[in-house]
Amino acid sequence: MITVLIEAREMLLKLYQKTRVVVNPVVKFILSWVVFAFINDSIGFDPRFTKTIVTLGLSAICAFTPGAVLVLCAMLLSLLHIYSVSIFMAVLLLMIFIILYGLMMRFSPKQAVAAVAIPVLAKYNLHYCVPILMGSVASPVTIMPTTCGVLIYYIMKIVKEASARQVEFDLDDVVQLYTDVFDAIIANKQMIIVAVVFALVIIAVWGLRKFSFDYSFEISIAAGVVVTIIGFLVADLKYDATVNIGTLIFMSVLSGFIAMICDYMKRILDYTAVERVQFEDDDYYYYVKAVPKVNISLKEIDIKHFNHHSRDGEDIDCEDEEDDGDAEDVTEDESPFDRLENDGKLLTRDDDDYVKAYRKSYDDEEDEKEDNGNLRYLPLNGDYDGYGSLQPDDEEDEGFVDGGFDEEPAPAVPEKRENPYMRKRNVTVEDEPGNSTRVFLNDDGDYEEDMTLDDEK
Amino acid sequence: MVPPEKIFLLLVRRVCYNLNLDYTETMGVLCPNVNKWMVKDMLNNRKIRLMTKLAIYEKREGREDIKLAKYYKSDYTRLQVLKTAIAVTISFLCLVALGIIYKMEFILNNALDIDYALLGRRILGIYLGVMAVYLVVSALCYSIKYARSRKKLAKYFRMLRKLNHMYLVEDGYVQEDEEE
């Protein structure tokens with residue numbers, strides 16, 4: 001059963017890799033269509049803009065542009081609809097949009113879609129999944145667009161009711177209309193409660209996600225669901241907000257599952273994305289299609305990790321141990337690289353399985369050939385200068401940087417600075433006695449040739 | 001002028017590609033005496049791999065990083081803070097306008113009794129408070145963002161230097177095992 005599932009997943013991934021160029025815009029097109037259809041459905045006052053051709057055109061634009069354009073189009077469409085019934089409400093709405101943009105939305109344009117997603121999903125009571133998803137894929141800045149979405153949802157409701165009222169061009173009437181709308185907005189406690197609970201959910205999910213204990217991903221999403229339920233229940237008891245408890249619990253759990261699936265898919269799709277790039281050198285134009293190896297996925301990689309070292313890297317032996325083929329030296333030193341576990345068995349360099357354990361996944365023969373004989377080192381101890389390499393060292397670089405790199409020159413002996421390689425797991429590969437090479441396994445589970453090494457020699 | 005042996009190699013490569021043969025092996029069979037270096041020189045796999053990595057970076061997150069690299073840190077932060085200040089000011093003006101409309105009836109009824117100086121001071125106070133919060137937070141966030149992009153760029157430049165070294169080796173200016 002499991003094998004069938006895994007095969008199906010790999011097939012789907014391969015299919016996606018092939019058709020990615022088509023699939024992405026189509027998915028975006030469908031999502032945009034849903035958003036515009038929702039707007040037309042709920043506030044479609046102007047028959048000119050509810051026509052299929054308009055929706056089609058807008059969706060087509062949004063299919064090929066970033067998510068922020070979708071938000072802009074949705075705002076414009078709703079403004080136009082409101083404008084056709086009540087010019088005063090349209091002015092009010094425009095000002096509200098400006099305020100929301102200036103104070104909140106502009107800080108995270110990439111996640112601005114949340115502001116649209118919440119009103120749309122709220123129709124089906126699925127808006128609980130938005131903060132969970134935001135917390136798990138992004139940072140707490142997404143509190144802002146999420147809050148925007150909540151505000152827009154409730155304000156649109158009020159505005160929709162108000163714009164149905166017939167208003168003469170009479171100051172008293174207009175002022176009365178505005179006053180009523182403001183009163184309704186200010187009196188709407190539920191809006192504030194939902195916004196606060198969603199913010200808490202984002203913080204909870206994000207905070208737990210940051211830790212690296214086992215199952216932190218699943219636990220953070222479960223915590224998001226729990227915070228949602230408890231938050232709304234407390235709000236219900238304290239502020240008498242009208243929440244249907246059964247629906248709330250069911251929908252929160254469902255949202256948790258949806259968020260989990262979305263998140264999982266996103267990670268897989270990001271990892272397997274095929275890249276098409278082109279570049280040239282003196283002799284050739286290169287049109288390269290870089291296809292990640294799907295079957296070496298996170299879970300199935302054979303390589304064994306050890307020495308999962310801490311951030312400050314104090315436990316890493318990085319002295320100049322020249323590999324001179326002296327086996328005694330190596331074993332006596334007990335460097336952390338010298339042994340590794342395989343299926344619970346501790347292997348040392350003397351074991352035959354030691355080589356096999358690494359050989360399994362080290363399949364890039366080209367690299368292996370070229371790297372043999374060069375013992376490579378990590379620049380792990382303090383003297384790595386994370387900025388020094390930015391100094392333009394010839395004309396080509398200077399043209400590129402345009403304006404220089406470092407404002408203040410890096411100190412000669414920098415204090416403890418976070419090393420970009422700290423989080424990588426490193427592994428020694430030995431194919432013949434006395435001939436070893438270090439490769440890096442980055443967080444995505446694929447190899448990384450360490451580019452720093454030659455610099456730092 | 002392309003040397004004839006290069007044209008020959010290109011032709012063989014093309015044929016190998018079409019017949020799905022291994023190029024290096026085929027060359028080994030066709031002309032065993034050919035300098036291995038020459039065969040390898042045609043397409044340097046390590047170089048292509050490196051260039052692909054660079055191109056992918058430039059295409060994705062690198063675009064933003066390279067844009068940021070055109071500013072000094074202080075310039076970038078100041079520019080973003082300025083933008084934030086403008087956005088906050090416009091939003092605040094809108095808020096004040098909405099507030100005035102909301103209290104329009106009260107204002108019209110008590111137009112003569114309102115202490116405008118006090119009101120103005122209060123509004124100004126709130127404005128400055130909000131502005132201060134936004135400026136501090138945005139200055140912090142944008143400088144963190146800048147530092148992060150710098151870190152990624154550092155790796156990018158290391159790769160560029162490595163590529164440069166490869167070119168030097170290829171052109172014979174340095175030996176392969178020589179330091180950069």
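At what angle do the axes of helix H9 and helix H10 of chain A cross? The answer is roughly 155 degrees, and the two axes come within 8 Å. Keep in mind that this is a predicted model.

**H9 and H10 in chain A**

- H9(A) covers residues 189-210, while H10(A) covers residues 216-239.
- Angles over 145 degrees count as roughly antiparallel, so H9(A) is roughly antiparallel to H10(A).
- As for handedness, H9(A) and H10(A) make a right-handed crossing.
- On the H9(A) side, the contact includes A:Ile193, A:Val197, A:Val201, A:Ala204 and A:Leu208.
- On the H10(A) side, you'll find A:Ser220, A:Ala223, A:Gly224, A:Val227 and A:Gly231 among them.
- Sorted by class, this contact has 16 nonpolar, five polar and two charged residues.

**H4 and H5 in chain B**

- Helix H4 of chain B (residues 45-59) packs against helix H5 of chain B (residues 61-68) at about 75 degrees, and their axes are 3 Å apart.
- Since 65 to 115 degrees counts as roughly perpendicular, that is how H4(B) sits relative to H5(B).
- H4(B) brings B:Tyr57, B:Glu58 and B:Lys59 to this contact, and H5(B) brings B:Glu61, B:Gly62, B:Arg63, B:Asp65 and B:Ile66.
- The class count here is two nonpolar, one polar and five charged residues.

**H4 and H8 in chain B**

- H4(B) also packs with H8(B), this time at an angle of about 150 degrees and with the axes 10 Å apart.
- That angle makes H4(B) and H8(B) roughly antiparallel to each other.
- H4(B) goes past H8(B) in a left-handed crossing.
- Residues of H4(B) in this contact include B:Leu50, B:Met51, B:Leu54 and B:Tyr57, and those of H8(B) include B:Leu153, B:Tyr156, B:Leu160 and B:Leu163.
- There are 11 nonpolar and seven charged residues in this contact, with no polar ones.

**The second largest pocket**

- The second largest pocket holds about 910 Å³ of space.
- It is lined by 27 residues, and the closest to its centre are B:Leu95, B:Val96, B:Leu98, B:Gly99 and B:Tyr102.

Terms used: Residues are numbered from 1 along each chain as its sequence is written. Chains are lettered from A and ligands numbered from 1 in the order in which they are written. This is a predicted model: local features need pLDDT of at least 70, side-chain atom pairs count only at pLDDT 80 or more; totals for chains, interfaces and linings use all residues. Side-chain values use heavy atoms; hydrogens and water are left out. Axes are lines fitted to C-alpha atoms, for helices over the stretch in contact, and angles run from 0 to 180 degrees between N-to-C directions. Helices (H or I, at least four residues) and strands (E, at least two) are DSSP runs, numbered from the N terminus. Angles under 35 degrees count as roughly parallel, over 145 as roughly antiparallel, 65 to 115 as roughly perpendicular and the rest as oblique. A crossing is left-handed if the near helix is turned anticlockwise from the far one by less than a right angle, and right-handed if clockwise. Contact means heavy atoms within 4.5 Å. Ala, Val, Leu, Ile, Met, Phe, Trp, Tyr, Cys and Pro count as nonpolar, Asp, Glu, Lys and Arg as charged, and the others, Gly among them, as polar. On a 1 Å grid over the protein atoms alone, a cavity is a set of points where a 1.4 Å probe fits but cannot get out, and a pocket is an open set with protein on both sides within 12 Å along at least five of seven lines; lining residues have an atom within 4 Å of a point. Grid points are joined across faces, edges and corners, and a volume is the space filled by probe spheres set on the points.
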